[in-house]
Amino acid sequence: MIQTETLIFTEGKLTPSCSKSHIRYTFFLPEKSSRLNIDFEYEPKKLFDEERSKILIQEGLRKFCEIPDENVLNSWRSHMPLSNLLTISVDDPKGFRGSVHRHPPVQHLFISEDEASPGLIQGSLRAGQWSVTISVHAVVTEECFYKLHVWEGDEGYE
C-alpha cells in the first residue's frame with residue numbers, strides 16, 4: 001500500500017479586492033519524503049457578464065491607452081471573455097523551487113528527486129518548512145473560489 005500524508009488542505013473565497021495579492025501557506029515536510037504533490041483549482045475561470053466586462057475593459061483601456069478614442073472604447077467586446085488568474089509558486093527551506101504561471105484553473109503538480117512538473121525544480125525534498133504561494137493576479141468575477149491540497153507520498157498525478 002502506498003503511504004500518503006496530507007500537509008495542507010484548504011479552501012478560500014476571493015473577490016476583486018484580492019487582485020494583485022499573495023496568499024502563502026506554510027507546512028512542514030518530514031524527512032525522507034519521496035514526492036511532493038500539489039492539487040490546485042479555482043472557479044469560475046471566465047467572466048461572461050457583458051455589463052461588468054464592458055465596465056472593466058473600458059476602465060483598462062482608459063488607464064493603459066494614452067488617449068483612447070471612441071473606436072477603441074467601443075471595441076470592448078473583442079477583449080471578452082475576461083478571466084480570473086491565480087498561479088502557484090513553491091519554496092523549500094533553502095529558497096525558490098519554482099513557479100507555475102499557467103492559465104488552466106485545475107492543476108496537478110509534483111516535485112520529486114528525479115522529475116517535476118514544468119516550472120518546478122526537481123531535486124532533493126529537504127525536510128523543514130516549505131511554502132506554497134497563491135499569486136492572485138486578477139479576480140474579475142464577483143467571487144472566485146479556490147482549493148489547495150498539498151500532500152507527501154508516491155501516489156500522485158503525472
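Of the chain's 158 residues, 40% count as buried, where buried means under 20% relative accessible area, exposed means over 50%, and partly exposed is anything in between (1.4 Å probe, protein chains only). This is a predicted model, so local features need pLDDT of at least 70 and side-chain atom pairs count only at pLDDT 80 or more, while totals for chains, interfaces and linings use all residues. Residues are numbered from 1 along each chain as its sequence is written, and side-chain values use heavy atoms, with hydrogens and water left out.

## The chain as a whole

Let's start with the overall outline. The radius of gyration is 19 Å, whereas a compact globule of 158 residues would come out near 15 Å. That radius is taken over C-alpha atoms, and the globule rule is 2.2 Å times the number of residues to the power 0.38. Along the principal axes, the C-alpha atoms fill a box of roughly 60 × 25 × 25 Å.

## How it is put together

The chain has two helices and ten strands. Read from the N terminus, the order is β-β-β-β-α-α-β-β-β-β-β-β. Helices (H or I, at least four residues) and strands (E, at least two) are DSSP runs, numbered from the N terminus.

Contacts here mean heavy atoms within 4.5 Å. Take the contacts between residues at least 6 apart in sequence: 75% of them join residues at least 24 apart.

## A buried asparagine

N84 sits in the loop between strand 5 (82-83) and strand 6 (85-92). With a relative accessibility of 0%, N84 counts as buried. Setting aside residues up to four places away in sequence, N84 touches Y42, P44, K45, A138, V139, V140, T141 and C144. A polar atom of the N84 side chain also lies 2.6 Å from the backbone nitrogen of V140. A polar contact is a pair of N or O atoms within 3.5 Å; within protein, one must be able to donate a hydrogen and the other to accept it, and residues adjacent in sequence count only if both atoms are side-chain atoms.

Most residues other than glycine have a negative phi, and most peptide bonds are trans. A few spots in this chain are worth a look on that score. P44, one of the residues touching N84, is joined to E43 by a cis peptide bond with omega about -5°. P44 belongs to the loop between strand 3 (35-43) and strand 4 (46-47). The bond from M80 to P81 is cis too, with omega near -10°, and P81 is in the loop between helix 2 (70-73) and strand 5.

Then there's K20, a non-glycine residue with a positive phi, near 65°. K20 is in the loop between strand 1 (4-14) and strand 2 (21-29), and at 69% relative accessibility it counts as exposed. Neighbours within four places aside, K20 is in contact with K63, V136 and H137.

## Partly exposed spots

Where do S99, A127 and V72 sit? S99 is in strand 7 (residues 95-100), A127 is in the loop between strand 8 (106-112) and strand 9 (128-138), and V72 is in helix 2. S99 counts as partly exposed because its relative accessibility is 26%; A127 is partly exposed at 30%, and V72 at 28%.

A127 touches L29, P30, E31 and P93, and V72 is in contact with L61 and C65.

Here are some pairs, with their separation along the chain and between C-alpha atoms.

| Pair | Apart in sequence | C-alpha to C-alpha |
|---|---|---|
| S99 and I88 | eleven residues | 5.7 Å |
| V72 and L61 | eleven residues | 7.7 Å |
| K20 and L86 | 66 residues | 9.7 Å |
| A127 and E152 | 25 residues | 11 Å |
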